[in-house]
Amino acid sequence: MRVSLYRDDGIVLRTHKLGEADRIVTVLTRRMGKIRAVAKGVRRTTSRFGGRLEPFTHVDLQFHTGRTLDMITQAETIRPYGEPLASDYPRYTAGTAMLETADRLVMGEKEPALRQFLLLVGGLRTLGSGDHEARLVLDAYFLRSLAVAGYAPALDACARCKAVSVRAFAIVAGGVVCGACRPAGAAVPEGETLSLMTALLKGDWPVADASAARHRAECSGLVAAYLQWHLEHGIRSLRHVERELAT
């Protein structure tokens, strides 16, 4: 019988226990999208590559095709993105929210998602560099990953009628809305908050870094609500991010 092997590199999103010594590892890979595969014996102290299959790690993997789940037969670390985050709680919680969001946005398995993979790698790299505030990096990642998934919020003109005079932000409408199209319950953010959202979506870091704390907080609230509405599911790790902001 011919053994079917293939290789890909990816970011480990999460793991969970299987049996007494194994784990199921979920990886967002460069070429094949999201893969769930079994790593045999990785919970044993004698495992050859258990430490290489932890969340945040960029790994080069060899898989063996299985009947239900594939099996990881080789693992080599490319870059451990978790190392610079481990001692910085705000950055660690932001990174955890990135991993969970990537897992939620890329729903199907073995469906190519190169742009989502590249966004995640870039987001983790930027987060680990410490060049920008952790929540700004997280909100930029949220907005860009939503855009890649086809859910970019309208920020320049009314999401419903395209009028350039906007007065509110309505999640159900898909972004900013004018007075005539404004639904009940729409938020009314400050203009600087919308400018910050635009800067994060476009990667304009000088504008984002110069923003005021109140505009960052308002932006984060809108982005988190918009993300979770489109995912139709809460991001559990966001609770830890919000708790950190409140302290």
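This is a predicted model: local features need pLDDT of at least 70, side-chain atom pairs count only at pLDDT 80 or more; totals for chains, interfaces and linings use all residues.
The protein chain exposes about 12,300 Å², and 51% of that comes from carbon and sulfur atoms.

**Entry: overall build**

I went through the secondary structure next and found seven helices and seven strands. Along the sequence they come in the order β-β-β-β-β-α-α-α-β-β-α-α-α-α. The radius of gyration is 20 Å, close to the 18 Å of the globule rule for 247 residues, so the chain is as compact as a globular protein of that length. I also noted the spans of the C-alpha trace along its principal axes, which are about 65 × 40 × 30 Å.

**Entry: inside and contacts**

I then turned to burial. Of the 247 residues, 47% are buried. Among contacts with a separation of 6 or more, 56% join residues 24 or more positions apart.

**Entry: charges**

I checked the charged side chains too. There are 33 positive and 26 negative ones, and the centres of the two sets lie 5 Å apart.

**Entry: helix 2**

I wanted a closer look at one helix, and picked helix 2, residues 114-129. Its 16 residues should span 22 Å at 1.5 Å a residue, and the end C-alpha atoms are 23 Å apart, so the two values agree.

Which residues of helix 2 are buried? I listed Gln116, Phe117, Leu119, Leu120, Val121, Gly123, Leu124 and Leu127. An α-helix has 3.6 residues a turn, so residues three or four places apart point the same way. That is handy to remember when reading such a list.

What do these buried residues pack against? I found strand 1 (5-18), strand 2 (22-29) and strand 4, along with helix 1 (89-105) and helix 3 (134-148). After helix 2 comes Gly130, with a positive phi near 75 degrees.

I looked up Phe56 and Glu232 side by side. Phe56 has a phi near 85 degrees, positive although the residue is not glycine. Phe56 sits in the loop between strand 3 (33-39) and strand 4 (57-64).

Glu232 also has a positive phi without being glycine, near 55 degrees. The loop that holds Glu232 runs between helix 6 (213-231) and helix 7 (238-246).

Buried or exposed, I asked of Phe56 and of Glu232? Phe56 counts as buried because its relative accessibility is 4%, under the 20% cut-off. Glu232 counts as exposed because its relative accessibility is 73%, over the 50% cut-off.

Notes:
Residues are numbered from 1 along each chain as its sequence is written. Side-chain values use heavy atoms; hydrogens and water are left out. Helices (H or I, at least four residues) and strands (E, at least two) are DSSP runs, numbered from the N terminus. Buried means under 20% relative accessible area, exposed over 50%, partly exposed in between (1.4 Å probe, protein chains only). The radius of gyration is taken over C-alpha atoms; the globule rule is 2.2 Å times the number of residues to the power 0.38. Contact means heavy atoms within 4.5 Å. Accessible areas come from the Shrake-Rupley method with a 1.4 Å probe; for residues, only the protein chains shown count as cover. Lys and Arg count as positive and Asp and Glu as negative; His and the chain ends are not counted. The place of a charge is taken as NZ of Lys, CZ of Arg, CG of Asp or CD of Glu. The expected span of a helix is 1.5 Å times one less than its number of residues.
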